[in-house]
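Hi there,

Here is the structure I promised to send over. Have a look at it first, and then read my notes below.

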Amino acid sequence: MQFMLLFSRQGKLRLQKWYVPLSDKEKKKITRELVQTVLARKPKMCSFLEWRDLKIVYKRYASLYFCCAIEDQDNELITLEIIHRYVELLDKYFGSVCELDIIFNFEKAYFILDEFLLGGEAQETSKKNVLKAIEQADLLQEVSHHEGSRFVD
Amino acid sequence: MSDVVEKTLTALPSLLSLDSQPGAGKLSSTSKLGQFIRNITELTSKHEEEKLIKKELAVIKDQVSSPYTTMRQMRELMVRSMYCEMLGYEASFAYIHAIKLAQQGTVLEKRAGYLAVSLFLNENHELLLLLVNTVLKDLQSTNIIEVCMALTVVSQIFPKDMIPAVLPLVEEKLSHPKEIIRRKAVLALYKFYLIAPNQVQHIHGKFRKALCDKDPGVMTSSLHIYLQMIQESPDSYKDLVGSFVTILRQVVGGKLPLDFNYHSIPAPWLQMQLLRILSLLGREDQSTSETMYDVLNESLRRAEMNHNITYAILYECVKAIYTIHPKAELLEKAAKCIGNFVLSPKINLKYLGLKALTYVVQHDASLALQHQMTIIECLDHSDLLIKRETLELLFRITNAQNVTVIVERILSFLRLCNDDYTIIDLVGKVAELAEKYAPDNEWFIQTMTVVFSLGGDLMPPDIPSSFLRLLAEGSQSEVDDRQLKVYAVNSYLSVLNDDCSHLPQRFLQVISWVLGEYSYLREGLDQEEVILLLKKLLDQRGVSAETRSWVLSALTKLCRGSGRAELALAVAESLSSTLDTVLRQQGHELRHLIQDGSLHARVLPQPAPANSLEVDSSLSFLDGFVSDALAAGAAPYKPPHQRQEELGQQRAPTLEPYALSLPMSLSSCTVTDRQSPSVLSMSSGLSANSTEPSQRAGVATLMLEGVKRVWGKEGYLPQRDTSETPATVEEPSDVVQSSHQQVVIDISQPEPEPEPPQLDKKQQLASSLFVGLGSQNSACLLGKTEATVPRFRRKPHLNDASSSGTSERSSDSSHSSHSTADSFLYGGLLEEEPATPIQSSRHAPQPIAASGSCEARQHGLTVNGVDENRGGAVVCAKEEKRAHPTQLIESDMVRVRPNALAEGAVVPPQNCSRHLPSTSSCGSDSEVLKLPFELQNLPHSDIISLISDSHLCISCCRVFREDALLIVLFLSNSTEMVLCDVALELSCEELQMGSLRGNVMESMAGRTSSVCHYTVFMERPHTHVPFTGTVSYQTQPGHKHTLHFSGKLTTADFIRPLVLSTEEYGKLWLSFSHDVKQNLRLLTDAGDPLIATLNVLKDCLQLHIVDIIGSEGIVACRLLDGAPCLMHCRVHGASLAVWLRSSLSSFPDCLLYHCQRALQEH
């Protein structure tokens, strides 16, 4: 996978993850172009599209679009399922996720993504394991939180 | 699940106003971030947003640099900057603080710091260097979370030159007790492998451990690496097939923990990865494929649920089934699967079905027939992607009968398309189809005209140039050629007569070239008219300078004759004051040529010579000039890249952290760990039970050679059982036949006037699209004899090694070159039987044993279907090698030094053909091949026979000149006959070659031999470089014979000693950036191990030993007279730790490989 974008129906970017080194200018250009193209698609159309030399796989969940760029030899259907699995993870973590969760806790969404995909490949496909890892890290945060506050006090 | 999301998300508006809603509990709406986000959401205009964010960024910047900001506040600030960056506003001032946060914060802050770093910086950012120490520290932390974070960031943004610093620590993590760490370490190594494969070479053994890990997650991650490695060299991993099959069987059988299920399908990601790996391993390998039939069948059977994920698995399964050696039963099931996909109402599935079909039709065109109506419907589908994929499919099934219809379809798609990538792709395809299958000249020129005007200037330049080459070189029929050219001239004249302001530059260039070259062919055409048209083009606005220059060249060709000369002269005059210097010069030349008619005729003869001009690419005619200049004290020429490199060396500081990486990687490398890729291919492939690796390796290659190729490049090769073709094929083929007449009409008028009903129209289209795919044609379509002869068959082209000769012999030349290619003498010696010398000297007392095994091979070969005649030759070559073990050692591993040049080094040709029954005539004379006198004093290899037939023997010798490798080829006529038109051609893709002399001879008297030299240069090191060659000759006029041979050169052939002092060495050492470290075997059998080992290397590889001090030695060599490579060796226990550096990135690896080989063979 080359990159993943999350954006709203209004075209606002909510999350971006790049697995290939690109300059900021290129990233902006790609994002702009893709958001436009995907938003212009009709609901009955294919979830895939050809874009430059890449394949774009996208899916809409309520007001959020999840959009991945893959290479030609990759499997489009499994990419759709990767998106779905990510949504499942978010859902489980936030407890019925909504766009606002992702907006206000976008760094958490990134942590979950990093735990699920690494370097553009599915890292851990067991839902339980991903969430366990995130929870462990969160737990540790809490602990250090308390320690930190004790010092402040 | 998606329903749940849908529901909660529809409740959004209420959420915005009410904080107490579920889910909002986690929203930190009271925090500054929450407030900020809230403020932004409330804004309506872009302008306001910009103002607000600018303000916010200013606040953040202020706080970030304040010394009183705590790390906790910093974390919050970082999250806010991340948000601003996401909205597209730069917050570069925060980057350094993100690194600081990762460095100094507690776990909580570290996590945010690392995230910010990975979002802010990409691999090329220079600030990343500051992160190395932090990452090193965290990798060594006892806190698992910290290690995880470090591993994550390492695999996300670490660039190539920072990998060595962390590699040992990451490698260590492969045996960490926690599976999450092991998993992340494996993925980090996968990423390293992608970026810099040679840096992780030595860990290959540990990857195997990861593959056998008890945790399924770790094992799954290791498959990423395996997929990549197997893609690169499937043969090296055949021994793992059993393991992969077992794993897949277990997964499919539901043996994994339930956690890994996804919608009640067991580990789909893992399954797909395994299927891909298996298909790579089973390709063109029957025995391997047979081991996987069962599990593939099982996967197909299990994946029955109606869910996307099962379709994804099925798709991979189908692909695998069509990639590996075919099995009828599986193919049938796979075909059914594809059918289900294509017919599915779900558009995503339909697309995937088309994609699968596109992949499959190359192997079995009849499948397309079964689905012809669906394909036609997809052709008019509203979704562009579906349409596009359908065209791709049609492209694959194009043949001479349906080409017009398909090309028409593609072109009409192109006319509506405005995506550059698609245009470039499709235009190339149309050009390819047109050249291959054009039914007639008119159609071809018209189609190409459309291609040029649609493709415009996006078009890759090879399309116009190959079109022009085709026109120039022509086909075999002259009448046809002339017709084609005249037609091109006619149509381009009419194009120019119309408005041509919108035409792309490339097209104008093509037009002007064709008119300049061929307008004289058209009778009754006034050349002045052409000149006027071209002149108009020259004056037209919007025509680029490059095009003008093309036009001018055309004018120059046309300006013969009085009236025309004056016109052209006027043009030349008008250019005399132009600002463009190129045009001005051309105008100047034009004027000169007009004034000097004889010069014009000599420079631009008409018609242009059929064969393209012989270009002396080595510019040897300038040699005298150069040597004069050198004698006068000029500096020798350096190619641009070398100058660049030298400049770079002087200027660029070395960025890599040597202090860090040196001790760690040196200690962590061991001999057994690290292997060069090609050695690995042998040892890892056979490590299981090979006591005699050499023999096993030889057998393995031989078997491969004998294995039938089942799938050709374009499809399934002939042996196919006719009963396999599904019965349904008969039906549509009837349609095809009955409508054949119809089709002919169709072609002449694609859209018939009287409009038939819709369905009929589709039927008609179907019959015209799928004509030629029926069963009566499938035989030739599947058997690769290419029944549809390409219309424009290019003339045999001497410069083009791939084009085969025209004689009747050439038809099987591909075969013979195949068999000789694999067993060619020194390719065979060095590659297939690396340890032959050792082994055969061991067996010296029983030479019968050796030849016995050889006979067995011969048997195996013929059984395996290689033509007996050629197989015989092959085997004899091998037999000969076996029969003279001592000579072999000399011939390849030890270079014959001038003083050692003895009779033994001269091989009489009969030696090589003594055992060759079919070519016995070859060796009866006692002529002895000798190197030309001037070369005898240079170091060289033995003369070895390459190939021979009943007339000609070809032998070869490598002479190691200081600045080049000289390949000396001996052609000896073994008959009494005179051979005519002997032409020798040698080519190699990776190397620069120059022919010095003797590659073409008009005649060759009986029993004589001739010598021909090639100089070969290597600029970039390759471990092995294959080369191919052909010799053609005629016994009688018209009886052309062609002999193909091939072989391999290694870097070792190009290594020369580099003599320099210790001080110079030191200076040079510091200036190089590419380095490799490794442990080598130390030879302990005689005297001082260091000296003994270095001497062996010196003798084998022509290295120069600069100095030996105590337990350390320094050695230097260079690639011909180009890039140097320095080697530093230190005795380290029982091994020799070597450290190589060079200015070329791949040189150290290559050299190391050859060192290993040399020591192994010693």
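This is a predicted model: local features need pLDDT of at least 70, side-chain atom pairs count only at pLDDT 80 or more; totals for chains, interfaces and linings use all residues.

Residues are numbered from 1 along each chain as its sequence is written, chains are lettered from A and ligands numbered from 1 in the order in which they are written, and side-chain values use heavy atoms, with hydrogens and water left out.

Chain B first. Its 1162 residues are 51% buried (buried means under 20% relative accessible area, exposed over 50%, partly exposed in between, with a 1.4 Å probe and protein chains only). Chain B has 52 helices and 17 strands (DSSP runs numbered from the N terminus: H or I of at least four residues for helices, E of at least two for strands).

Now the interface. Chain B gives 79 residues to the contact and chain A gives 77, where contact means heavy atoms within 4.5 Å. Together the two chains bury about 7,200 Å², 60% of it on carbon and sulfur atoms; buried area is the accessible area (1.4 Å probe) that two parts lose on being put together, summed over both. Eight salt bridges run between chain B and chain A, each being a side-chain nitrogen of Lys or Arg within 4 Å of a carboxyl oxygen of Asp or Glu. One of them pairs Lys355(B) with Glu76(A), with the closest N and O atoms 2.8 Å apart.

Over all chains, the structure holds 43 salt bridges. Within chain B, Arg276(B) and Glu316(B) form one at 3.2 Å, N to O. Arg276(B) lies in helix α15 and Glu316(B) in helix α17, so the pair ties together parts that are 40 residues apart in sequence. Arg276(B) is buried at 18% relative accessible area, and Glu316(B) is buried at 5%.

Glu432(B) and Lys436(B) make another salt bridge, at 3.7 Å between the closest N and O atoms. Both lie in helix α24 of chain B, four residues apart, about one turn of the helix. Glu432(B) is partly exposed at 38%, as is Lys436(B) at 29%.

Asp1053(B) and Arg958(B) also meet in a salt bridge, 2.8 Å from N to O. This pair links distant parts of the chain, 95 residues apart, and both residues are buried.

Best wishes
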